[in-house]
Amino acid sequence: IVGENGSGKSTLLKCILGLNNGYTGEIKKESHIGYLPQKSEIQSHFPATIEEVVLSGTISNNVRSIFYKKDDKQKAKHVMEKLDIYDIRKKCFADLSGGQQQRVLIARALCACKDIIVLDEPTNGLDPSIAKQIYELLDKLKKEDNMTILMVSHDIERALNYADTVVEIIDGEVVFEGKPQDFKIGGASK
């Protein structure tokens, strides 16, 4: 999902996630959804280990218990290994680089879901080379795990290289929905 600041991209994501009830319409959800909100300073300074942050993604799966189950720990371990952060799992989240923090937060989102993650500007504020690594990681998840990834991005050119479908929103209205090769940057795509 692409568009200018204030066009309604994040609002759409929040509606899909059920976090914004001020709008009409119907959204059917068939499974758990992992969510990575826009990065904030609070997230950057969170005083927990990587393992604790990733494990917290399983909380929505077992809200009846305050303890992590063996399955939750196995899932978190598998996800951390897949995202190449298992060897540093005891490090403090606040001590990580921006790219490492995003990997951890993506791992957390993956622990909350089975087949779909929603990402709001996951590469915002990252160096271009790190942003490319995040896109490559997401592409790998899409291809290897058949994961559905719904993402808001300002980085239109890079998003077009990895997206299967592009939706452009201007002033709360969808003005384009289609294949990346049919999308025209800065022009009428319709």
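1. In which sense do S1 and strand S2 pair, and over how many bridges? The model is predicted. In it, S1 and strand S2 (residues 116–120) run parallel and are joined over three bridges. Within this part of the fold, Tyr-35 is placed opposite Val-118 in S2.

2. Now the whole sheet. It is open and consists of three strands, ordered S1-S2-S3, with parallel pairing. Strand S1 (34–36) and strand S3 (148–152) are the edge strands, and each pairs on one side only. From one strand to the next, the twist averages 10°. As background, strands of a sheet pair through backbone hydrogen bonds, either parallel or antiparallel.

3. Next, the helices on the sheet. Helix H5 (residues 98–111) lies across S1 and S2. Its direction is at about 155° to S1. Helix H6 (residues 128–145) also packs on the sheet, where it touches S2 and S3. The direction of H6 makes about 150° with that of S3.

4. Arg-158 deserves a separate point. This residue belongs to helix H7 (residues 156–162). Is Arg-158 buried or exposed? Its relative accessible area is 18%. Buried means under 20%, so Arg-158 counts as buried.

5. What does Arg-158 touch, leaving aside residues up to four places away in sequence? The list is Pro-128, Ala-131, Lys-132 and Tyr-135.

Conventions:
Residues numbered from 1 in each chain as written. Predicted model: local features only at pLDDT ≥ 70, side-chain atom pairs only at ≥ 80, totals over all residues. Heavy atoms only, no water. Helix = DSSP H or I, 4+ residues; strand = E, 2+ residues; numbered from the N terminus. Buried < 20%, exposed > 50% of the residue type's maximum accessible area, 1.4 Å probe, protein only. Contact = heavy atoms within 4.5 Å. Pairing = 2+ DSSP bridges. Axes fitted to C-alpha atoms, helices over the stretch in contact; angles between N-to-C directions.
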